[in-house]
Amino acid sequence: MSETYLDGNAIGGLLWEVFGVEMTVATGVCGGCGASRAVAELHVYVRAAGIVARCPSCDTVLLTVVEAPGRRWVGLSGLARLEIPRTD
Amino acid sequence: MARAAVLGRLTWQLATVADAVAETAEVRTLVLDVPGWPGHLAGQHLDVRLTAEDGYRAERSYSIASAPGDRLAITVQRLADGEVSPYLVDELRPGDELELRGPIGGYFVWEPGRGGPLLLVGGGSGVVPLMAMIRARAEAGDETPVRLLYSSRTLDDVIYREELERLAGGALEVVHTLTRARPDGWPGYGRRVDAAMLAEVAWRPGDGAATFVCGSTPFVESVASALVGLGHAPASIRTERYGGVPR
């Protein structure tokens, strides 16, 4: 893919808003290849309508966030699971 | 990790520009007063939100430049086609207000006492979160051995040049490379960061070094893959890519 991407650090604020906790240190397991990577390491493509985060190992789409006035759509179909540190 | 930096809700807050310092022709540091700022860790960033009179909003992330104990500061590079950075670099004046939220991020962070040695590799304004780490180390009197490899286009584009000169020495080594133009007699490197340069500057694989790489996506990819090629464990290399992020 030639389009330039950023990484999960860049969407830390957005993901905090979506999940209610700091997420860059969360670990995502790819449903495609099984790679286990920090959310900060995901390759993030930013578009006007939202973001697409892909597995840095196999490029599977792991997470999408699409914004609209008053709501947002969060897609997680490519993720086998998320491990989110607890702060309590 | 300081719990203040990860706990709690992330809410937009009103910040006041306390000071604005030109770093280079394209780069400016904004010192910000934020009532109730919870504190931060070196390497974290914050989101800035601008709202136009017609309600149009633009958000961007900026690395925090200041050490945790200092007044909050961000360092911003003007992007030619930017929506937000030209305003931050050219327009904002002390006393002006802007909305921000943070601190954000727990992956690309370092705290004094976390061990080392450290290799910091920065391209352009990718040096900003690395500078926060260097400042945090200096502020704490931490003796962790640190090598900073910092790539800039020209000497005039080097951000924090005088402060780095002042801080360098002892266990902090600062190595510059200038990719576009060099002054006569320039003693440093004069090319893009490559595997040969990293082999000379990096700690040896097995030294237990932690590495932080920040810059444009091509810069980060090339540095990280060269380090892995030199035998450094991928898990010891933390990366942060910057770029204009329209949201």
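Modeller: With a term: two strands pair if DSSP finds at least two bridges between them. The model is a predicted one.

Biologist: Which residue of β10(B) stands opposite B:Leu118?

Modeller: Strand β7 (residues 118–123) of chain B pairs with β10(B) in the parallel sense, over five bridges. Within this pair, the residue opposite B:Leu118 is B:Ala210.

Biologist: Which residue of β11(B) stands opposite B:Phe212?

Modeller: β10(B) also pairs with strand β11 (residues 237–242) of chain B, in the parallel sense and over six bridges. There, B:Phe212 faces B:Arg238.

Biologist: How many of the seven residues of β10(B) are buried?

Modeller: A residue counts as buried if 20 or more other C-beta atoms lie within 10 Å of its own. By that count strand β10 (residues 210–216) of chain B is mostly covered, and its number of buried residues is five.

Biologist: Turning to the contact between the chains, which element gives the most to the side of chain A that touches chain B?

Modeller: The contact takes 20 residues from chain B and 18 residues from chain A. On the chain A side, the elements giving two or more residues are β1 (6–7) and α1 (12–19). With four residues, the element that gives the most is α1(A).

Biologist: How many nonpolar residues does that side of chain A have?

Modeller: By class, the side of chain A that touches chain B has three charged and six polar residues. Its nonpolar residues number nine.

Key
Residues numbered from 1 in each chain as written. Chains lettered and ligands numbered in written order. Predicted model: local features only at pLDDT ≥ 70, side-chain atom pairs only at ≥ 80, totals over all residues. Contact = placed C-beta atoms within 7 Å. Nonpolar A, V, L, I, M, F, W, Y, C, P; charged D, E, K, R; others polar. Buried ≥ 20, exposed ≤ 12 C-beta atoms within 10 Å, placed from the backbone.
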